[in-house]
Amino acid sequence: MQYQIKGDTLPVVICQLEAGETMVAERGSMSWMSPNMAMNTTTNGGIGKAFGRMFSGEAMFQNTYTAQGGHGLIAFASSFPGSIKAFQVEPGKEYIFQKRAFLAGEAGVNLSVHFQKKVASGLFGGEGFILQKVSGNGIAFAEFDGHVVEYDLQPGQQIVVDSGYLAAMEASCKMDIQTVPGLKNMVFGGEGLFNTVITGPGHIWLQTMPISSVAGALRPYIPTGN
């Protein structure tokens, strides 16, 4: 499989497949394809995995697209202004994505739900509780909100992130929720009650425009019905 990511604000990934190669995608993510791409809707691993994907923000069913009789073309576009990133997944090289980030991947890529070990992190950490774990073997594509800034964290090195800005991290990283210190900071700081703390080693991807922040900014301007 060969691919190109095109576009800046509203990107699309265009994949060129050899005969017999298959892509797995979330429902509604396909934008265009050649006529020889055969589509099949499946639970892709059974009901258990289907429910796991549902908890991670995706649909229970996934679509597979297979090139038949020759080369095939298929494109997957982002659903929100942002970025599409490619991840090479292999044993020992797994990734944790934010909810709803997975866009598409090669047939060997597995998508499952990832829960934070600490219940308190889940209850108060917003986006940090239920995440997506990507494992297996192949290339996976993820869509993130806004631009993406990347950091390499050394063992024990930490970064504090406002909830919702973490887009992805290598599975070697650890994530926890930290209370904003000081009652005055909590009440008047305007940054919420909790921050996400990421600890290395590992690579992380941060997004600049979480859709939840955009929704919050627009809410005061949306008329409410009587």
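The backbone oxygen of Tyr-151 lies 3.5 Å from a polar atom of the His-203 side chain. This is a predicted model: local features need pLDDT of at least 70, side-chain atom pairs count only at pLDDT 80 or more, and totals for chains, interfaces and linings use all residues. Residues are numbered from 1 along each chain as its sequence is written, and side-chain values use heavy atoms, with hydrogens and water left out.

**His-203**
- His-203 sits in strand 19, residues 202-207. Strands are DSSP runs of E, at least two residues, numbered from the N terminus.
- His-203 counts as buried because its relative accessibility is 15%, where buried means under 20% relative accessible area (1.4 Å probe, protein chains only).
- The side chains of His-203 and Asp-152 make a polar contact at 2.8 Å. A polar contact is a pair of N or O atoms within 3.5 Å; within protein, one must be able to donate a hydrogen and the other to accept it, and residues adjacent in sequence count only if both atoms are side-chain atoms.
- Leaving aside residues up to four places away in sequence, His-203 touches Glu-150, Tyr-151, Asp-152, Met-169, Glu-170 and Cys-173. Contact means heavy atoms within 4.5 Å.

- Four strands form an open sheet in the order 1-2-7-4, with antiparallel pairing. Strands pair if DSSP finds at least two bridges between them.
- Strand 1 (2-6) and strand 4 (30-33) are the edge strands, each pairing on one side only.
- Strand 1 and strand 2 (residues 12-17) run antiparallel, joined by 5 bridges.
- Gln-4 has Ile-14 as its bridge partner in strand 2.

Technical notes
Buried < 20%, exposed > 50% of the residue type's maximum accessible area, 1.4 Å probe, protein only.
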